[in-house]
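This report looks at aromatic ring pairs and at one pair of packed helices.

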Amino acid sequence: MIAYFPEIYPDELVYSWFCRHYIHSGSISHRTAMKDLMYSKNDAPSKEFIGHLNENAVNFIRHNMSVRDLILNHTMYPQYARFIPCKKRQYALVQMSNNTSYDLHKLMPISPRNKSDAYLKYCPKCVSEDRRVYGETYWHRVHQIRGVNMCIKHNCLLQQSSVISKNNQTFVFYPAEYYTTDIINKHENPINANIEYCEYLINIFQEPMSILNLEVDYKDVLNYLFFFRGYTKGSVKCIQKMYDDMKTKYSSMGISNICSFDQVQRALSGKQYDFNVICQIAFFLDLRYLDLLSPTKEILKWINVHHPHTIKSDKREEVDWERYDKESFWWFEQFVMDIYYGKNNQNGRPEYVSEKMICKQLDVSPDGLKNMPLCYGIYNKYKESYPENWARRIIWAYDKLIQTKKIKGIYSSDIRKISGVKEKNFIEANEHLLKYADNDKAKNIRNIISKHLTSTKNNC
């Protein structure tokens with residue numbers, strides 16, 4: 001039975017968090033700690049992910065954050081899911097968030113490890129800093145990114161621990177405090193270009209993974225670069241020439257785990273989604289990491305001309321509709337919930353779930369959506385009128401303001417600025433406040449906006 005869970009640190013692996021729980025909880029054995037956390041004795045927490053947790057552990061975690069946020073911010077999910085197709089990425093996240101048994105290799109492409117990534121890595125300067133700030137160190141997530149051999153915070157070469165990255169047959173907790181050191185090995189100074197490369201990988205890894213991002217076909221972006229960097233002759237791609245140049249550059253940087261010629265070919269044909277392969281090609285071809293994740297208008301224009309996507313038709317057979325509905329159902333509700341509760345906004349503001357947005361994501365027409373009863377049912381569950389949405393946004397703004405201000409210091413203009421609801425819409429929204437807030441909260445909000453409501457009525 002879990003009685004205590006330590007606070008999770010910034011960018012800490014979930015595995016590291018569990019290791020510290022094992023130490024701080026006073027568990028008498030690894031088996032006892034596993035029993036506290038896992039669904040059954042046959043389950044084991046993955047070093048890169050979470051594993052199948054029991055209900056008690058999930059409830060404890062939810063006091064800190066949602067399982068979804070834990071996956072996005074404290075596992076290696078962004079590395080393996082970053083470049084896979086959008087719907088597969090969403091499906092993988094939903095499956096993992098549901099806290100059930102799943103096969104990671106079926107959800108995402110996970111390649112065999114190179115020697116340089118065979119063990120958990122750490123930065124000696126981070127170890128020293130962690131001990132000074134937190135009283136202990138922990139396994140940092142960005143240090144475990146495949147291909148990263150430097151800590152860009154301290155310009156320090158990472159060191160390999162004795163802890164194997166892959167899971168052992170007999171699971172053991174290896175707390176970083178006991179398997180790392182703050183002693184810096186005497187290495188040559190890092191190559192500046194290598195620092196830039198590691199920073200490139202880390203920036204792409206850390207960029208928020210919004211499911212509302214444009215569905216990017218990364219092979220098209222890479223082919224655009226291929227064309228404009230002079231590696232084509234007419235319609236022929238000079239892949240061997242590019243690969244030879246890439247190997248020369250990376251060898252001079254001291255990078256040994258260079259992707260293979262076959263991997264480059266597969267990436268350019270859209271059959272390879274490996275994080276390191278796509279990043280190595282993009283970095284070599286001198287593409288800004290943000291332009292890789294969100295291509296510029298210039299890139300999109302070239303792609304639309306040279307690689308126009310086939311427009312999907314809603315003229316599916318009845319059996320096709322049923323299959324498509326079931327396939328989409330797994331990720332669709334999470335997609336709609338994220339819009340409804342504002343998970344895709346940096347400020348967290350609830351948004352309006354529009355039919356147009358839903359149909360665009362499913363790539364169907366409004367009539368086509370009605371042929372998908374499972375997804376259509378989810379849409380109707382979160383469907384609302386504009387006044388209802390305004391009410392939810394006003395309540396959200398009030399909750400946010402009350403954290404830093406006293407009620408008497410909150411004005412209707414504050415609510416308008418944060419919620420984005422125009423004051424002329426306050427009257428209609430006012431009628432729906434009690435649907436989403438208790439009497440006291442609704443009364444407080446009405447008192448704040450009462451001056452505006454009164455003046456509006458007088459004007460009428």
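Which residues do ring pairs link into a cluster? The cluster consists of Y197, Y200, Y250 and F283. The model is predicted, so local features need pLDDT of at least 70 and side-chain atom pairs pLDDT 80 or more, while totals for chains, interfaces and linings use all residues. Residues are numbered from 1 along each chain as its sequence is written, and side-chain values use heavy atoms, without hydrogens and water.

**Aromatic pairs**

Rings of Phe, Tyr and Trp (its six-membered ring) pair if their centres lie within 6.5 Å; planes under 30 degrees apart are stacked, over 60 edge-to-face and the rest tilted. The count by this rule is 27 aromatic pairs.

| Pair | Centre to centre | Angle of planes | Class |
|---|---|---|---|
| F227 and F228 | 5.1 Å | 80° | edge-to-face |
| F228 and W302 | 6.4 Å | 65° | edge-to-face |

F228 lies in helix α11 (residues 218–228) and W302 in helix α16 (residues 297–306), 74 residues apart. W302 is buried (under 20% relative accessible area, with exposed over 50% and partly exposed in between; 1.4 Å probe, protein chains only), at 9%. F227 is partly exposed at 36%, and F228 is partly exposed at 42%.

**Helices α4 and α6**

Helix α4 (residues 67–74) and helix α6 (residues 86–97) have axes that come within 9 Å and cross at roughly 120°. The contact (heavy atoms within 4.5 Å) involves V67, R68, I71 and L72 of α4 with L93, M96 and S97 of α6.

Notes:
Axes fitted to C-alpha atoms, helices over the stretch in contact; angles between N-to-C directions. Helix = DSSP H or I, 4+ residues; strand = E, 2+ residues; numbered from the N terminus.
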